[in-house]
Amino acid sequence: MAILHSALSMGERYDQWIRIARGEADVVIGARSALFAPFSRPGLIIIDEEHDPSYKQEKKFCYQARDAAIVRAKLTNALVVLGSGTPSIQSYQNAVSGRYGLLTMPERILKRKPPDITVIDMTSFEDSPTARDDSIISPPLRMEIGESLAKRKQAILFLNRRGFSALYLCRFCGESIRCPNCEVSLTYHKYGNNLLCHYCGFRIQPPNRCPLCNREKLKPYGFGTERVVDTLKEVFPDARVERMDRDTMRHKGEVQRVLRRFSQYETDILVGTQMVTKGHDFPKVTLVGVISADLSLNCPDFRAAEITFQLLSQVAGRTGRGRLPGRVIIQTFNPCHYAIIAARDHDYGRFFSHETRLRRQLNYPPFSSIANLRLLGNSRTKTEKIAQQMGERIGKILKRQSKGKNDIAVLGPVEAAIAKLKGKYRQQILIKSRRPRYLNQLLKDVDRGSAQILSSSGVRLMIDVDPYQMM
Ligand SMILES: [Zn+2]
Ligand SMILES: [Zn+2]
């Protein structure tokens, strides 16, 4: 057996690589890049949790390892098995349309009952006279946590945002402190008392005065995992609480240490980001609380509902794994959203049919192919100008084409939702087509002519086919 992943040193990776190339390994286990293991004749490729967005590499060489596995298998006549409890819309559509074979497991392991999920409508607490500034844990969830503690059971609370607050906001003029390298707000981290950019790592001490109105009215606004822990400590001072996110897991081995303490019942409540949703198996966890289902739902991304459904189902699966029945509480301001209702009812089928109906109407994958052409440059005006020229060029190419131009839609150029990232200004052109063949041809033509437009402009073009990062 050989292992390939990015935490290996260069030397270790080299040794594994050579062993595989020499035919000394029958099985390779690894993360995304293990797909490129130098097997001469792979017979079987298994992609576990195939829906996981981390199979998509966004930087440098952009590829989706799951879809690339299908291509690699085709070349060598190998078989691919995609496994998931919450399949991606893309793969499931391929299965129901007959392109892939479909194998289902209708029963849970040991015939265990799925956890009981309750959706809490947070709008009903907003205007109540007892609502406090820190009411990020609703009364029903508070009660469930209290009960779990009293029975000496364990709970997991999930929130997909680290830090203490989402923004550092001026209560007078509404200005928030932003990153100078990225056009995003900085997140307040109470531990260490600083403001941090989650995109580029920029860090400063919180200023006293608002940079716009100069008043001393700056305060943290919104919430992250740090604040959930703070609130828990106020409400349940005796509870043993630990936090698991990228900030607390910076040191090597810390993840294992926290999970070990949790599995030995040295922790009552584990608060964390996505890290806590992944595959862990703790039989004494009988309560899972989702602090806000709205964070992922409100992303400007056509996959927002899919990602939310998957997240909720995955995190719900962390409870009820032993003989004790599990309970899940989902807090949301969108209690009627179809993704939340389907997750509550463990109804993948209903979610899939609703989601595919929408995608078909709006012409989104899997019913079309999408490519994002992103232009990145140091100067805003220059990047804008080049994006305009690129847009015009695409228009010209389409005009010349006899076939397929009616099947292609070009959106943009527009400024990306995150207009500046790590010092680079960003413009984007989104291209949609019902026929991948036409899109590929167009992208080839664009790529061929791009050098002329880009030359010595200092602007870079990135072509991302099937983008996962739309911002
Ligand atoms: Zn202000
Ligand atoms: Zn930044």
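1. Cys 170 and Cys 210 are both buried, where buried means under 20% relative accessible area, exposed means over 50%, and partly exposed lies in between (1.4 Å probe, protein chains only). The model is predicted: local features need pLDDT of at least 70, side-chain atom pairs count only at pLDDT 80 or more, and totals for chains, interfaces and linings use all residues. Residues are numbered from 1 along each chain as its sequence is written, chains are lettered from A and ligands numbered from 1 in the order in which they are written, and side-chain values use heavy atoms, without hydrogens and water.

2. Donors are N, O and S atoms within 2.8 Å of the metal (3.2 Å for Na, K and Ca); water is not among the atoms, so sites may look incomplete. Helices (H or I, at least four residues) and strands (E, at least two) are DSSP runs, numbered from the N terminus.

3. The ideal angle for four tetrahedral donors is 109.5 degrees.

4. The zinc ion (ligand 2) is coordinated by Cys 179 (SG), Cys 182 (SG), Cys 197 (SG) and Cys 200 (SG), at 2.2 to 2.4 Å. This site is tetrahedral too, with angles of 103 to 112° among its four donor atoms. In sequence the donors are spaced C-x2-C-x14-C-x2-C.

5. Which of these cysteines are buried or partly exposed? Cys 182 is buried at 0% relative accessibility, and Cys 197 is buried at 2%. Cys 200, at 28%, counts as partly exposed.

6. The count of disulfides (pairs of cysteine sulfur atoms within 2.5 Å) is zero.

7. Elsewhere, six strands form an open, parallel sheet in the order 7-17-16-8-15-14; two strands pair if DSSP finds at least two bridges between them. Strand 7 (116–121) and strand 14 (241–244) each have a single partner strand, so they stand at the edges. Strand 7 is joined to strand 17 (residues 327–332) by six bridges, and Asp 116 has Arg 327 as its bridge partner in strand 17.

Notes: Tetrahedral: all angles 85-135°; square planar, octahedral: opposite > 155°, others 65-115°.
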